[in-house]
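Subject: Structure for you to look at

Dear colleague,

I am passing on the structure below, and I would be glad if you could read through it with the notes that follow. They begin with the overall layout and then turn to single residues.

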Amino acid sequence: MRTGYVLITCESGSEKAVMKKLLSIKQVTDANLLSGMYDIIVKLESLTPEMLRELIIWKSRKIDKIRSIVILMGKKPIN
C-alpha cells in the first residue's frame with residue numbers, strides 16, 4: 001500500500017465543502033482542516049505510486065474551489 005498526502009489551499013469559505021467532496025473519494029483515508037498557509041491536509045492510500053498519482057491528478061485536482069495543491073508522496077519503505 002502506498003500513502004500520499006496533499007496540502008490544499010481553497011477559496012475562502014469553501015473549506016468544509018471541499019473537504020466533504022474529498023472524503024467521498026474511496027482512497028481518501030483522512031482529511032483535516034488546517035490553519036496557516038494551507039487549508040486542508042488529505043491522506044490518500046493506493047496500491048501503487050502510479051495509481052496514487054492518477055488519483056491526485058484526476059480526482060483531487062478537479063474539485064471546484066481548490067486554488068492549489070502540494071503533493072507529498074512517500075518513497076518505497078526501507079527494509
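This is a predicted model: local features need pLDDT of at least 70, side-chain atom pairs count only at pLDDT 80 or more; totals for chains, interfaces and linings use all residues.

Strands, in these notes, are DSSP runs of E with at least two residues, and they are numbered from the N terminus.

The overall layout

The protein has 2 helices and 4 strands, and from the N terminus on these elements follow one another as β-α-β-β-α-β. Its radius of gyration is 12 Å, close to the 12 Å that the globule rule gives for 79 residues, so the protein is as compact as a globular protein of that length. The C-alpha trace spans about 45 × 25 × 15 Å along its principal axes. Of the 79 residues, 33% count as buried, and among the contacts with a separation of 6 or more, 64% come from residues 24 or more positions apart.

The sheet

The 4 strands form an open sheet in the order β2-β3-β1-β4, with antiparallel pairing. Its edge strands are β2 (28-33) and β4 (66-73), each of which pairs on one side only. On average, and with direction ignored, neighbouring strands of this sheet are turned by 20 degrees against each other. Helix α1, made of residues 15-23, packs on the sheet and touches β1, β2, β3 and β4, while its direction makes about 170 degrees with that of β2.

Within the sheet, β1 and β3 (residues 40-46) run antiparallel and are joined by 7 bridges; in this pairing, Ile8 has Ile40 of β3 as its bridge partner. The pairing of β2 with β3 is likewise described as antiparallel and extends over 5 bridges, and here Leu33 stands opposite Ile40 in β3. The hairpin of β2 and β3 has 6 residues between the strands, and in it Gly36 takes a positive phi near 125 degrees.

How far is Thr9 buried or exposed? With a relative accessibility of 17%, Thr9 counts as buried, because buried means under 20% relative accessible area. Not counting residues up to four places away in sequence, Thr9 touches Met37, Tyr38, Asp39, Ile66, Arg67 and Ser68.

Gly4 is also found in strand β1, and it is buried, with a relative accessible area of 0%. Leaving aside neighbours within four places in sequence, Gly4 is in contact with Val42, Lys43, Leu44, Leu52, Leu72 and Met73. The C-alpha atoms of Gly4 and Lys62, which are 58 residues apart along the chain, are separated by 17 Å.

Leu33 in β2

Leu33 lies in strand β2 and, at 41% relative accessibility, counts as partly exposed. Leaving aside neighbours within four places in sequence, its contacts are Glu15, Lys16, Met19, Asp39 and Ile40. Of these, Glu15 is 18 residues from Leu33 in sequence, and the two are 7.5 Å apart in space, C-alpha to C-alpha.

Lys65 has its place in the loop between α2 and β4. Although Lys65 is not a glycine, it has a positive phi of about 85 degrees, and at 37% relative accessibility it counts as partly exposed.

Terms used: Residues are numbered from 1 along each chain as its sequence is written. Side-chain values use heavy atoms; hydrogens and water are left out. Buried means under 20% relative accessible area, exposed over 50%, partly exposed in between (1.4 Å probe, protein chains only). Contact means heavy atoms within 4.5 Å. Two strands pair if DSSP finds at least two bridges between them. Axes are lines fitted to C-alpha atoms, for helices over the stretch in contact, and angles run from 0 to 180 degrees between N-to-C directions. The radius of gyration is taken over C-alpha atoms; the globule rule is 2.2 Å times the number of residues to the power 0.38.
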